[in-house]
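Good morning, and thank you for making time on the agenda.

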Amino acid sequence: MAVKKTMKVVFSLVLLLLPLASTSAVEVKFDFMYFVQQWAPSYCSTAPHECEYEPRPPPNNFTIRGLWPSYEEWRPEYCNISDRLDPGQIEDLVNPLNQSWPSLLRNETNLELWSHEWEKHGTCSNLSQHGYFAAALALDTLTNLTGILADGGVVPSDEKTYTLGEISDALARGTGFTTYLRCSQDERNYGETLLYEVLQCVDRSGERLVNCTAPWVTRCLDPDKIKIPAWFYGQ
């Protein structure tokens, strides 16, 4: 009988401690966040993406790709798989999210995209659901990449190309911080190198831009001929 009582006490203690273990497990330590913006025409020009062009084409602009907690060499992901996005938590942010963080894919709704980003990256941010998406929107407002590039003489064109240095220097002058670039290959147009994503480093609170060391991020097959394509219709 004494053994059974002891086992019951131990089992009860385990049940009481489980919630504490689960809570501490989602407290993630990381070095900084990447705020990632993508050039929509490049995204849609890169296989295998199938973008939605009706009733209107995707924006001829940078859109938010994500806000990703990160170490210098790897990113934590899916830190709490039981924490699913509750649309009610971001109800007041839906309109700006539709504008700045839309899904470009034909078979994916905006809410499906936001849910994916929250579950994969947001659960590692130590922010609330509302705080995570509000932080991304604030960062998007903070830096107008299209305007910054234009001020540096880098504008969308289906003919003109730029070097990696020209794009990076224009962004550094406009933001005051180092940025990292990712390019893609236009499979439908002779494999041209396209500016695909711009990554900026953000502090762990998701509030301000910082410099970070992440040289592995910049990936461009032809750094001397990078195109920032413009839409050929709908402009």
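Cys201 and Cys212 are joined by a disulfide with an S to S distance of 1.8 Å, a disulfide being a pair of cysteine sulfur atoms within 2.5 Å. Cys201 lies in strand E4 and Cys212 in the loop between E4 and E5, so this pair ties together parts that are 11 residues apart in sequence. Helices (H or I, at least four residues) and strands (E, at least two) are DSSP runs, numbered from the N terminus. Cys201 counts as buried at 1% relative accessibility, and Cys212 counts as buried at 13%. Here buried means under 20% relative accessible area, exposed over 50%, and partly exposed in between, with a 1.4 Å probe and protein chains only.

A word on the source: this is a predicted model, in which local features need pLDDT of at least 70 and side-chain atom pairs count only at pLDDT 80 or more, while totals for chains, interfaces and linings use all residues. Residues are numbered from 1 along each chain as its sequence is written, and side-chain values use heavy atoms, with hydrogens and water left out.

How many disulfides are there by this rule? The count comes to 4, and with bonded cysteines counted along the chain they follow the pattern 1-2, 3-4, 5-8, 6-7.

Another of them joins Cys183 to Cys220, with 1.9 Å from S to S. Cys183 sits in strand E3 (residues 179-186) and Cys220 in the loop between strand E4 (192-202) and strand E5 (226-227), which places these linked parts 37 residues apart. The link is right-handed, with 65° about the S-S bond, and both Cys183 and Cys220 are buried.

Cys79 and Cys124 also form a disulfide, with their sulfur atoms 2.0 Å apart. Cys79 is in the loop between strand E2 (62-70) and helix H3 (94-100), and Cys124 is in the loop between helix H4 (110-120) and helix H5 (129-142), so the pair ties together parts that are 45 residues apart in sequence. The link of Cys79 and Cys124 is right-handed as well, with 100° about the S-S bond. Cys124 is buried, its relative accessible area being 0%.

I turn now to the charged pairs. The structure holds 5 salt bridges, each a side-chain nitrogen of Lys or Arg within 4 Å of a carboxyl oxygen of Asp or Glu. Glu197 and Arg65 meet in one of them, at 2.2 Å from N to O. Glu197 belongs to strand E4 and Arg65 to strand E2, 132 residues apart. Is Glu197 buried or exposed? Glu197 is buried, with a relative accessible area of 2%, whereas Arg65 counts as partly exposed at 25%. Arg65, Arg182 and Glu197 are linked in a network of salt bridges.

Arg84 and Glu119 form a further salt bridge, at 4.0 Å from N to O. Arg84 is in the loop between E2 and H3 and Glu119 in helix H4, 35 residues apart. Arg84 is exposed at 55% relative accessible area, and Glu119 is partly exposed at 23%.

Finally, Asp203 pairs with Arg208 in a salt bridge whose closest N and O atoms are 3.4 Å apart. Asp203 counts as buried at 14% relative accessibility, while Arg208 counts as exposed at 52%.
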